[in-house]
Amino acid sequence: MIASHGTRLREKHKKMAMTLAFAVICLIYIMPVALVLLNSFKANAYVNTETFKLPTSESFVGFRNYIKGMTFGNYPFLKAAFYSFVITVASSALVLLCTSMAAWYISRVGSAFCKMVYYLCVFSMVVPFQMVMFTLAKTADTLNLNTPWTIPVIYLGFGAGLSVFMFCGFVKSIPVEIEEAAMIDGCNPLQTFFKVVLPIMKPTYISVGILEVMWIWNDYLLPYLVLDRTKYMTIPILIQYLKGSYGTVDLGATMALILLTILPVIIVYIFCQKYIIKGVAAGAVKG
Amino acid sequence: MKIFRPRHDPASLNSKLIRRPLRRMAWIFLLPTFAAFCVGFLYPFFKGMFLSFCKFKVTSIWTWVGFTNYVKAFGDASFSHAFWYTAMFALVSLLFINVLAFSVAYALTRGIKGSNLFRTVFFMPNLIGGIVLGYIWSMILDGILIRYGTSLVLETKYGFWGLIILMCWQQVGYMMIIYIAGLQAIPNDYLEAARIDGAGSWKTLWHMIIPNMMPSITICTFLTLTNSFKLFDQNLALTDGRPFLQPAGGSVIKTTEMLALNIYNAFYSGGGNNRGVGQAKAVVFFILVAAIGLIQLKSTRKKEVQQ
């Protein structure tokens, strides 16, 4: 079917209008982040009353909110950021390494016990955290897993389900002949795994890694209950502590902290958005 | 998005060449994950199951009370209020998020300029954690409501719609990605054929696109449903259950409190005297969420068979 010149022109105009409309919608969509930025430069009293106005000479406080935010609530923000970083990196690395090895073992050995472990993992994906939170916190306490250096074990345990599930799905698509060839050439299982299987699974590592990092970085309740809060706080815990229970709250300083929290995430997102969107979408199976 | 379908080839699982030496290394491949899984999931899960039948303050000291906790949980007005509030919220957010996400995905696959940039922007809020999201929106919504001399925590309906707006902002981008993948998977021949047969764009949408999108629609429906049911951080940060209601002679009802927060409060407020009831509530909650998950699994399987 050949469209006439007129229809094609109309079609073009329609698309232009759509682009314009979406540009406006997108501007509105990033407004909340822009508002956080704007209000992080205002004095406390003005955040609530002049939320949508640009800072005036009266309300503008420069970087004072950021400086105040650093030691807000008698807990240094950078310390919380450091613990958040340590927990996220260590836990994600541990989860990726251990669950991928376990998934390979489960898929290649395929014994009754392996199948049982696999189905338990699938089962754990539908269990909400509230079901285990009290007993889990107690268990972690007893076993001294309540520091940023040991909490990765808890993340490995509670988060194993999804990543074992995703890795198993991928291992089943790897032709076993490749691994057999490596074994015949004299590799032991460890060498086969690290030299042959791991490189093939790279895309799954990226997907699972992004899911784990996003989950752990933003997680509030698990570290809140498991960590020894007098010593260790992560960023979400600190922000909730400031807003939730810390008496009079300086809204300007809170906004400064929130901006510092989301800025690195947004910067990373801008550079790796392709992988992030793909990785998150791959996790949609978790339900 | 590529939904993964494992290739079921029993032969690929039974390579003796690999299985034998691998088995000897179980302690290094399987044991770390399995041990952590026991500590981080299995033991707490079964202990929690057991404790839901006990009266306890700490996990080591308990007395068996049978089904008393469950009876108390079902008789708790705040729990049933939280259930209906959550169900209502789940339904409304399900409708809003999916309709919006589908519309955006549909528009962004029409080949307009800048689609990729728009997609990136819509997805962005997904990366922000629930606690932070809650405080961003409480600032914005309070900034609006203060002009009318009121506040987010003063009326239940503000808290309800505020949370809907927040969840839409966060999740439309995510669901949009799934819908875009679904839309792109529809073969162009189908749409061409519909056009040649003289179907307008509405007819094409209704009779061609939506029926072919059913798998994506099912996934998104259940994702939004479980997300709403399990919602905790956003609920805590935005309103924390306020405003509270004190009916004559009854216990306090936190009117914007959802199920997860209600369970949390049963554990950690009131001096820990209600932990047994809290654990029973958690078991009920688990069964509810698991049931939704099972129905999802069944319905997606059925769709696969039909195709």
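Into which domains is chain B divided? Chain B is split into domain 1 (10-51) and domain 2 (71-306), the bounds being taken from an automatic or database domain assignment. The centres of domain 1 of chain B and domain 2 of chain B, taken over C-alpha atoms, lie 34 Å apart.

The structure is a predicted model, in which local features need pLDDT of at least 70 and side-chain atom pairs count only at pLDDT 80 or more, while totals for chains, interfaces and linings use all residues. Residues are numbered from 1 along each chain as its sequence is written, and chains are lettered from A and ligands numbered from 1 in the order in which they are written.

The secondary structure of chain B consists of 15 helices and 4 strands; helices (H or I, at least four residues) and strands (E, at least two) are DSSP runs, numbered from the N terminus. Along the principal axes, the C-alpha atoms of chain B fill a box of roughly 70 × 70 × 30 Å. Chain B has 307 residues, of which 42% count as buried. A residue is buried if 20 or more other C-beta atoms lie within 10 Å of its own, exposed if 12 or fewer, and partly exposed in between, with C-beta atoms placed from the backbone. Of the contacts in chain B with a separation of 6 or more, 73% involve residues 24 or more positions apart; a contact requires the C-beta atoms of two residues, placed from the backbone, to lie within 7 Å.

Between the chains, 87 residues of chain B are in contact with 83 residues of chain A. Helix 4 (residues 31-51) of chain B gives the most to the side of chain B that touches chain A, with 14 residues. That side of chain B comprises 60 nonpolar, 17 polar and 10 charged residues. Here Ala, Val, Leu, Ile, Met, Phe, Trp, Tyr, Cys and Pro count as nonpolar, Asp, Glu, Lys and Arg as charged, and the others, Gly among them, as polar.

B:Leu127 lies in the loop between helix 7 (115-123) and helix 8 (130-145) of chain B. B:Leu127 is buried because 21 other C-beta atoms lie within 10 Å. Not counting residues up to four places away in sequence, B:Leu127 touches A:Met214, A:Val265 and A:Tyr269.

Within chain B, helix 6 (residues 77-108) and helix 9 (residues 156-185) pack at an angle of about 45 degrees, with their axes 7 Å apart. Axes are lines fitted to C-alpha atoms, for helices over the stretch in contact, and angles run from 0 to 180 degrees between N-to-C directions. Helix 6 of chain B is therefore oblique to helix 9 of chain B; angles under 35 degrees count as roughly parallel, over 145 as roughly antiparallel, 65 to 115 as roughly perpendicular and the rest as oblique. The residues of this contact divide into 22 nonpolar, 3 polar and no charged.

In chain A, the axes of helix 2 (residues 31-39) and helix 14 (residues 251-282) come within 8 Å and cross at roughly 130 degrees, which makes helix 2 of chain A oblique to helix 14 of chain A. Helix 2 of chain A contributes A:Val33, A:Val36, A:Leu37 and A:Asn39 to the contact, and helix 14 of chain A contributes A:Gly252, A:Met255, A:Ile258, A:Leu259 and A:Ile262. By class, these residues are 7 nonpolar, 2 polar and no charged.
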